[in-house]
Amino acid sequence: MASHRKPRTSVLTSPGGRRTAAGLTSAALASVTLLSQSADAAPRAPRPTIEEVKQKVDGLYRQAEVATQKYNAAKERADHQRTTVDGLLDAAAERAQKMNDTRRELGTFASAQYRTGGMNPTAQLMLAKDPQQFFDRSHLMERLTSRQQQAVSDYEEQAAAAARQRAEAGRSLERLQTSQASLKASKQSVQQKLAEARQLLSRLTVQEKARLAELERQKEAAAKRKADEEARRQQERQRQQDGGGTAGGSTGGGGTTGGTQSTKAEKALAFARAQIGKPYVWGATGPSSYDCSGLTQAAWKAAGVDLPRTTWDQVKVGQRVATSDLQPGDLVFFFDDISHVGMYIGGGKMIHAPHPGADVREESIYYMPIYGSVRPG
């Protein structure tokens, strides 16, 4: 006898239900597979070439030098402003002492008036031992009154001057705080740029570091060849001048002009040469380390010439000279932003403090794009 029971409608047992579940499972697996394939196929950022890394690091060093010059300028302003504030505070203290002296003098007059001010002249005459004593006392009181008036006038002048000094000290303190804020911002900028450069270099493999060093040697060699070519041209010009009977100093290729200027330049160069091998440290002015403008400032100071602190101010001092007319001791500035400086030594070379991680050294002036040159003294 045939059974008339209805089949179960469970998805797990019905053929239709099994197909539905299987379809969902297949779709889920397919989705996971596609997602996995999509993730694997996602484009990755290409690893920068060594040339790109070098360009980036050089750019960061240059940005750090710009920030260093801003730091130097802010520090110079802060130091100057701090000296001004200290002077104003010293003057205010001296003024306060004068006011205290005047106040004590006024107190003496007030005490004297309290002791004698209650008596009228008639009573003072009656109490005096003799008329002459009364007249002497009256004359003294007239003199005290005159001195008292002068003391009051002095006190008022001292008080007004003290108020002006307090106001000026307040303004100077505000300027000092502004300079200190700029100093802090520039310092942070330098540190950030240098940290980025160190991070880029730390990611390089041994082979990449070797390749980077090779690129640096190639750049230095190219700059040296250009310096050697310029030195030969300068020597040839010098021979022509000597053969033509030209008197005086040479132009360009390492000769020196006569007189005091030559002596100063020689002293500055001697100082700069003695610093070779000392490390570059941003913001440093010696004696154990230097940044670029700190080195040139210290060198010319040894020759008795005071230069400003920053490259931006040093380029404004002295006589502007063409690259072809450079003489030892001249300052050569680099990049459009005038962020670097070196001291010319002749033969197309200079002494300079290059960048963090490098020591003071001799190098071709053609290693970097030249902005211009000046002759201090």
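What share of the contacts in the protein chain between residues at least 6 apart in sequence join residues at least 24 apart? It's 68%, with contact meaning heavy atoms within 4.5 Å.

Okay, some ground rules before the tour. This is a predicted model, where local features need pLDDT of at least 70, side-chain atom pairs count only at pLDDT 80 or more, and totals for chains, interfaces and linings use all residues. Residues are numbered from 1 along each chain as its sequence is written, and side-chain values use heavy atoms, with hydrogens and water left out.

So, the overall layout. We've got eight helices and six strands in the protein chain. Walk along the sequence and the pattern reads α-α-α-α-α-α-α-α-β-β-β-β-β-β. Of the 377 residues, 34% are buried. Buried here is under 20% relative accessible area, exposed is over 50%, and partly exposed is in between, using a 1.4 Å probe and protein chains only.

Now let's zoom in on α7, residues 292-302. Nine of its 11 residues are buried, so the rest of the structure largely encloses this helix. The buried ones are C292, S293, G294, L295, T296, Q297, A298, A299 and W300. Just after α7 you'll find G304, with a positive phi of about 90°.

What does α7 pack against? One partner is α6, residues 260-274, and the two axes come within 7 Å and cross at roughly 130°. Axes are lines fitted to C-alpha atoms, for helices over the stretch in contact, and the angles run from 0 to 180 degrees between N-to-C directions. That angle makes the pair oblique; under 35 degrees would be roughly parallel, over 145 roughly antiparallel, 65 to 115 roughly perpendicular, and the rest is oblique. The crossing is right-handed, that is, the near helix is turned clockwise from the far one by less than a right angle, with anticlockwise being left-handed.

On the α6 side the contact uses Q261, K264, A265, A268, F271 and A272, and on the α7 side A298, A299, W300 and A302. Sort those residues and you get eight nonpolar, one polar and one charged. For that count, Ala, Val, Leu, Ile, Met, Phe, Trp, Tyr, Cys and Pro are nonpolar, Asp, Glu, Lys and Arg are charged, and the others, Gly among them, are polar.

Also on α6 is A270, which is partly exposed at 45% relative accessible area. Its C-alpha sits 9.4 Å from that of A303, 33 residues apart along the chain.

Between α6 and α7 there's a loop, and P287 is in it. A cis peptide bond joins G286 and P287, with omega about 0°. K278 is in that loop too, partly exposed at 25%. Leaving aside neighbours within four places in sequence, K278 contacts P287, S288, Y290, D359 and V360.

On to the cores. A nonpolar core is a set of buried Ala, Val, Leu, Ile, Met, Phe, Trp, Tyr and Cys residues joined through side-chain atoms within 4.5 Å. Which residues have the most contacts inside the largest one? W300, L331, F333 and M343, in a core of 43 residues. Elements giving two or more residues to this core are α2 (50-116), α4 (131-202), α5 (206-243), α6, α7, β2 (331-334) and β3 (340-346). The largest share, nine residues, comes from α2. Apart from this core lies another, of 13 residues, including V321, V332, F335 and Y367. As background, nonpolar side chains in soluble globular proteins tend to be buried together.

Last stop: the loop between β2 and β3, where F335 sits. Phi of F335 is near 70°, positive in a residue other than glycine, and F335 is buried at 15%. I338 is in that loop as well, with a positive phi near 55° and 11% relative accessibility, so I338 counts as buried. For context, most residues other than glycine have a negative phi, and most peptide bonds are trans. I338 also turns up among the residues that F333 touches, along with H340, V341 and Y371, not counting residues up to four places away in sequence.

Conventions
Helix = DSSP H or I, 4+ residues; strand = E, 2+ residues; numbered from the N terminus.
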